[in-house]
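Subject: Structure handover, with notes on salt bridges

Dear colleague,

Here is the structure we discussed. My notes on the salt bridges and on one hairpin follow below it.

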Amino acid sequence: MTRMVLSIGSNLGDRMAHLQSVVDALGEAVRAVSPVYETDPWGGVAQGPFLNAVLIADDAGRDAHDWLRRARELERAADRVRETHWGPRTLDVDLIAGCAGAQEVVIDDSDLTLPHPRAHQRAFVLIPWLDVDPHAELTVDGRRRSVDALLDELDPSERAGVRRFAQLHTSRTPR
């Protein structure tokens, strides 16, 4: 695999620092970083707002399961605790979509589903993704769809719950 779209989020502790830790840890593999958005929580669990961003990373030496292991390592480093499904967390690193060359990676096993099965329902993924890739596409129900069209299909209140907040720094961005 060479390219992975990752969605990162945090709503506990120093939210910006948790997101920045992912960018820093991935280092030179990071090709693009969206602005950070403050977003209303998703999934029906009462909790504080999240900070969310999308990264595009590229590493020819990683396959999708390597990316998943790395995502979990980053979450553990941020003391992520998995107690409540869709509950509050220090750091969430989700794999959204990947490709090896021009070939989309499709996986559905007990550990990983790619493309992410609910990404098309989440404005907090789609909006920042379009910031880093305005021509992004996602396979939904076996069909390639533009991320822009998927975002247009979401309820306006879902889109309104995603508010621009700040910017993360990459090794190529002056701090």
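Arg-144 has a relative accessibility of 42%, so this residue counts as partly exposed. Please bear in mind that the model is predicted. The side chain of Arg-144 meets that of Glu-104 in a salt bridge, with an N to O distance of 2.9 Å. This pair links distant parts of the chain: Arg-144 is in strand S10 and Glu-104 in strand S6 (residues 103-104), 40 residues apart. Glu-104 is also partly exposed, because its relative accessibility is 22% and the class of buried residues ends under 20%. Glu-137 belongs to the picture as well: Glu-104, Glu-137 and Arg-144 are linked in a network of salt bridges.

The strands around this network

Glu-137 stands opposite Ser-146 in S10. Strand S9 covers residues 137-140 and strand S10 residues 143-146; the two run antiparallel and are joined by four bridges. Together S9 and S10 form a hairpin, with two residues between them. In the turn, Asp-141 has a positive phi of about 50°.

The next residue in S10

Which residue does Arg-145 meet in a salt bridge? The partner is Glu-153, and the N to O distance is 2.2 Å. The two side chains fall into opposite classes of accessibility. Arg-145 has a relative accessible area of 14% and is therefore buried, whereas Glu-153, with 53%, is exposed. The cut-offs behind this are under 20% for buried and over 50% for exposed.

Asp-133 forms a salt bridge with Arg-3, and the closest N and O atoms are 3.2 Å apart. Asp-133 counts as buried, because its relative accessibility is 17%. Arg-3 has a relative accessibility of 28% and so counts as partly exposed.

For the total, the structure holds 11 salt bridges. Those described here include Asp-133 with Arg-3, Glu-104 with Arg-144 and Arg-145 with Glu-153. As background, side chains of opposite charge can pair when their charged atoms come close.

Regards

Key:
Residues numbered from 1 in each chain as written. Predicted model: local features only at pLDDT ≥ 70, side-chain atom pairs only at ≥ 80, totals over all residues. Heavy atoms only, no water. Pairing = 2+ DSSP bridges. Salt bridge = Lys/Arg side-chain N within 4 Å of Asp/Glu carboxyl O. Buried < 20%, exposed > 50% of the residue type's maximum accessible area, 1.4 Å probe, protein only.
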